[in-house]
Amino acid sequence: MAPKGSQRTVKKIVAENRKARFNYEIVDTYEAGMVLTGTEVKSLREGKANIAESYATDEGGEIWLINSYLPEYLQANRFNHEPRRRRKLLLSKREVNRLQGAVNREGMSLVPLKIYFNDQGRAKLELALGKGKKLHDKRESAKERDWNRQKSRLLKDRG
């Protein structure tokens with residue numbers, strides 16, 4: 001057992017949107033809870049979820065996760081969930097107002113980055129507020145990534 005004063009921050013990442021940081025310039029990130037059914041949680045624990053094509057939107061003062069894929073839990077039989085249903089995100093009212101203002105006024109997008117289980121075993125979504133990158137920005141980030149890879153190879157060979 002860990003000592004009483006130590007903090008454990010174990011995050012079991014279930015699904016990750018890898019292209020989000022390439023397609024968007026991330027301005028700010030938020031941690032949001034999700035309203036899930038029991039079979040959705042069991043399906044998440046199996047680790048086959050996908051949020052690559054998903055996005056978040058605000059409707060009626062609430063933030064919703066749309067087009068995320070959580071496969072059906074095979075042992076659930078007829079009590080299963082719909083794999084691509086809309087899921088409500090749990091954020092504080094201040095965070096919701098801030099996100100709505102950024103989306104409506106500044107034209108930003110709400111992009112899900114990853115779904116994970118926190119140290120209490122609750123499913124969380126890391127939601128980002130981002131600006132869409134232009135094509136030349138994407139080329140620049142790809143060029144930077146390639147240069148860093150090449151630089152690390154050179155340092156590894158010489159060092």
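Visitor: Where does S54 sit, and is it buried or exposed?

Guide: S54 is in the loop between α2 (38–46) and β3; helices (H or I, at least four residues) and strands (E, at least two) are DSSP runs, numbered from the N terminus. This is a predicted model, where local features need pLDDT of at least 70, side-chain atom pairs count only at pLDDT 80 or more, and totals for chains, interfaces and linings use all residues. Residues are numbered from 1 along each chain as its sequence is written, and side-chain values use heavy atoms, with hydrogens and water left out. Under 20% relative accessible area is buried, over 50% exposed, and in between partly exposed (1.4 Å probe, protein chains only), so at 8% S54 is buried.

Visitor: Which backbone oxygen does the side chain of S54 reach?

Guide: S54 touches L65, I66, N67, S68 and P112, not counting residues up to four places away in sequence (contact means heavy atoms within 4.5 Å). At 2.9 Å, its side chain reaches the backbone oxygen of I51.

Visitor: How many salt bridges are there?

Guide: Side chains of opposite charge can pair when their charged atoms come close. The rule wants a side-chain nitrogen of Lys or Arg within 4 Å of a carboxyl oxygen of Asp or Glu. One network of them links R21, K114 and E126. By this rule the count comes to 7.

Visitor: Which residue forms a salt bridge with R85?

Guide: R85 is partly exposed, at 23% relative accessible area. The closest N and O atoms are 2.8 Å apart, and the partner is E40.

Visitor: How many residues apart in sequence are R87 and E40?

Guide: R87 also forms a salt bridge with E40, with the closest N and O atoms 3.1 Å apart. R87 lies in strand β5 and E40 in helix α2, so this pair ties together parts whose separation in sequence is 47 residues.

Visitor: What does R86 meet in a salt bridge?

Guide: R86 counts as partly exposed at 36% relative accessibility. The N to O distance is 2.9 Å, and the partner is E59.

Terms used:
Polar contact = N/O pair within 3.5 Å; in protein donor to acceptor, adjacent residues only side chain to side chain.
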